[in-house]
Amino acid sequence: MTRSTSPGPTGPTLPDLTGRRAVVTGASDGMGTGIATRLAAAGAEVILPVRNRTKGETALARIRDAVPGAEVSLRDLDLADLGSVAALGTTLRGEGHPVHLLVNNAGVMTPPGRQLTADGFELQLGSNHLGHAALVAHLLPLLVAGAARVTSQVSVAAARGGLHWDDVNWERSYDGMAAYRQSKIALGLFGLELDRRSRELGWGITSNLAHPGVAPTSLLGARPEVGRTTETGARRVIQALSRRGLLVGTVETAGWPALLAATVEGPGGSLHGPRGIGHLGGPPATQRMYAPLRDVAEARRVWDLTERLTGTRVGA
């Protein structure tokens, strides 16, 4: 059975997700709320782990207005605090329900200055990558039980660059954009290694990557929690292009590649993104893997570093 939940001819039509539990990080606004809404409309029970309960309640109200009868609820999560990640894992394991879909969507981008997580990691590395990787580790029994599809949201920024191996925490120097790029490459390499290990060890998990292209999401908006009190000039330009339907996508279309990766049957180890010019906007499609994400040895190195920094063992 398929539920027709596509918002238009170019958006993905989702399968019937009745009886499936989905966890979507970063769903308290923008693109994440859109992803959660579409999953709820397809029948999934959707869990929104949020740092800000007020924003979370607003998102819940929006989802319930759009999808009467939606089965959606909040949990507490601060990805910049590994203790909070572990606590969410304990909560969800205690509930005892398999997780069928995990969308690692939350992120922060280019804070004005170097900031640290509660555990002393550079904020983008800690929030975008380490927090999500630790969440996978803590939820692994539930992901295995649900034969889950895990989708990790990377970025067009991951198309070039690599890990800043001689100073991954940016203690000797700081470049906000390079640090953002590193965090997304690390998350992508980890997501692909998760798929490889799942196949080798029989976990039954399918792990894919997605990227939203370019859209006027909240990433470059005013984010007081990361030290940005006003939106960036880049976001104003992106908004202007988006309103005119030029080159880039919208907040709604930005979530479509992740929905495709999370719900449409297919092999793991894939990258999904917009298929328009420069992959900046347009309908979602499977894409050629970015060059920095193709190195299997680099992925294993990231996996080992991640386990050491987070103090977790995925599958242990």
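A: Sorted by class, the residues that line the largest cavity are five nonpolar, three polar and two charged. The model is predicted. Rolling a probe the size of a water molecule over the atoms shows where empty space is left.

A search of the whole structure turns up one cavity of 30 Å³ or more. The volume of this largest cavity is about 30 Å³. Its lining consists of L79, A80, D81, L82, T117, D119, F121, G126, L130 and G131. Helix α4, which covers residues 123-145, contributes most to that lining, with three residues.

The next step is to see what α4 packs against. Two packed helices are described by the angle between their axes and the distance between the axes. The axes of α4 and helix α5 (residues 176-201) come within 7 Å and cross at roughly 15°. Since angles under 35 degrees count as roughly parallel, α4 is therefore roughly parallel to α5. The crossing of α4 past α5 is right-handed.

On the α4 side, the contact uses Q124, L125, N128, H129, H132, A133 and V136. On the α5 side, it uses G176, A179, Y180, Q182, S183, K184, A186, L187, F190 and L194. The residues of this contact divide into nine nonpolar, seven polar and one charged.

Two elements, α1 (30-41) and α2 (53-66), each give two or more residues to the pocket lining. The biggest share comes from α1, with six residues. By class, the pocket lining has four nonpolar, four polar and two charged residues.

The axes of α1 and α2 lie 10 Å apart, at an angle of about 40°. The two helices are therefore oblique to each other, and their crossing is right-handed. T33, A36, T37 and A40 of α1 make this contact with A59, R62, I63 and A66 of α2. The contact is made up of five nonpolar residues, two polar and one charged.

Another partner of α1 is helix α8 (residues 256-263). The axes of α1 and α8 come within 9 Å and cross at roughly 40°. That angle makes α1 oblique to α8. This crossing is right-handed. I35, R38 and L39 of α1 meet W256, A258, L259 and T263 of α8. By class, the contact has five nonpolar residues, one polar and one charged.

Key
Residues numbered from 1 in each chain as written. Predicted model: local features only at pLDDT ≥ 70, side-chain atom pairs only at ≥ 80, totals over all residues. Heavy atoms only, no water. 1 Å grid on protein atoms, 1.4 Å probe; cavity = no way out; pocket = protein on both sides within 12 Å on 5 of 7 lines; lining within 4 Å. Points joined across faces, edges and corners; volume = space filled by probe spheres on them. Helix = DSSP H or I, 4+ residues; strand = E, 2+ residues; numbered from the N terminus. Nonpolar A, V, L, I, M, F, W, Y, C, P; charged D, E, K, R; others polar. Axes fitted to C-alpha atoms, helices over the stretch in contact; angles between N-to-C directions. Parallel < 35°, antiparallel > 145°, perpendicular 65-115°, else oblique. Left-handed = near helix turned anticlockwise from the far one by under 90°. Contact = heavy atoms within 4.5 Å.
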